[in-house]
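Have the sequence and the model open, please.

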Amino acid sequence: MVTVDVQLHQDRAERDLPRPRLIIGGKDVTDASGGVHEHRNPATGLVQAHIPLAGPTEVDEAVRAARRAFEVWGAMRPAERRRLLTRFAGLLRDHIPDFAAVCPLENGVCIGGWAENVGPHVAEWTEYYAGWADKIEGMVGAAYSPHENVEYTIPEPYGVIGHIITWNSPALSLAMKVPPSLAAGNTVVIKPAESTPFSALLFADLAREAGLPDGVVNVVTGLGDAGSALVTHPGVDKISFTGGPATARRIMADAAPSLKPVVFELGGKSANLLFADTDLDAVVPYCAAFAMSNTGQGCALPTRLLVERPVYEEVVARVAGVVAHLPVGDPLDPATYIGPLIDAAARDRVQGVIDKAIDGGAGRLVYGGERVDGSGYFVSPTVFADVDNRSDLAQREIFGPVLAITPFDTEDQAVALANDTEYGLSAYVQSRDIARVHRLVPRLKAGTVYVNPGPNPITSPATPFGGVGLSGFGREGGKAGLDEFLHVKGVGISRV
């Protein structure tokens, strides 16, 4: 039984959540054509806000506002854009506690872990891309003699970027997408999920306070019809989406008639290769706890643990012991590590995967698995060993606190197991043998490989992040993340 202080949640929601609304051209819109969504607190199951939803009408208004703003923002001196974005980053840093306060109420993120780190990352990503705003450069070609011909390139913004934001970590998703778009000179229309609009509203409010012109940042929370209207709108020049493959396919189909470019950061089923030479005292707690971060609702989390046979049984026992001591409960309690899932549908889906795996013998249950009583959307953290690599436990992105452990005997077998999935977002290697690490990195089918324990991998704004295969294409982070929102114009001038 998970105990939650319902009154505390209600009081905090009234105090800490931004007022539900859309933001279009610098104006707040509370009466929208898409209806109203009842936002339920994931920890209590109770309605705590009513969210106005954008329909195609509001999306059109937001795109038009963004296009008008692009005439100002895109033509602005890069140094002035840098100054405004730097001011914006400073305000984000000043409001770090506000992001931490919003997260547990918005989607159940634990305030003592993930939530308290969200604000610093949002500020850091914005600071990083503010610094790029006046450092975007073209190049001069040398195919011909400069006495005969001059060739050079001009990187230019697309215009209006439509950002469809994920619900599992909306503030971080905003930080990875919007600052590089703005630094490149684009304006944006943000469509958050109906279940998580509050981080985007706080973000947009601070952008307005920083002095970004009206219409540069617009927020149109909505359902699928709003997303489709954004993708198909002729005034939107590119789409950036974080979410699942099924929705990505629909977006790609909507974008196909106009050949609108898209960038997709999709799901993952990341393998974590643990070799016997590693320091188990340091590595096992990291591997066990990190897989359960944000209640397992993370695309890059290492949810498949592949363990070399000589230490396999010891690692399984140690992982179960670590997970057994991860506190489950109220996300507003600083001691809690595992909170609720986003909604009742997610709870039922994840519990269904666990029940099916137990009944079908997809793996040996070593911890958890039982249903959690209470009104919130909680699932017991669960660990399976001896997992069949062709089972749903190993192949399907569960997006809940479920870890699958499988043994291997050789490097070749470990690589084969790791790559035996349609996904390719991240991979992890735990080994003190640097020669082995360098052998493995090019063989692993993943957009990024992380070696040995460290912080949350998708927090460095200087490191490109993205996947291959079913995990999508395009990159967020680093110069590669900036380049996603620029197109290159070639210029050739002949001597007359």
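Start with helix α6, residues 170–183, and helix α7, residues 198–210: their axes come within 8 Å and cross at roughly 45 degrees. Axes here are lines fitted to C-alpha atoms, for helices over the stretch in contact, with angles from 0 to 180 degrees between N-to-C directions. That makes α6 oblique to α7, given that under 35 degrees counts as roughly parallel, over 145 as roughly antiparallel, 65 to 115 as roughly perpendicular, and the rest as oblique.

Caveats: this is a predicted model, where local features need pLDDT of at least 70 and side-chain atom pairs pLDDT 80 or more, while totals for chains, interfaces and linings use all residues. Residues are numbered from 1 along each chain as its sequence is written, and side-chain values use heavy atoms, without hydrogens and water.

On the α6 side, P170, A171, L174, V178 and P179 meet S199, A200 and F203 of α7; contact means heavy atoms within 4.5 Å. Helices (H or I, at least four residues) and strands (E, at least two) are DSSP runs, numbered from the N terminus.

Next, the sheet. It is open, with seven strands in the order β13-β14-β15-β12-β11-β16-β17 and mixed pairing; two strands pair if DSSP finds at least two bridges between them. β13 (364–367) and β17 (448–451) are the edges, each with a single partner strand, so one side of each has no neighbour in the sheet. Strand β16, residues 426–430, runs parallel to β17, joined by four bridges. Y428 has Y450 in β17 as its bridge partner.

Helix α12, residues 344–360, packs on the sheet, touching β13, β14 and β15.
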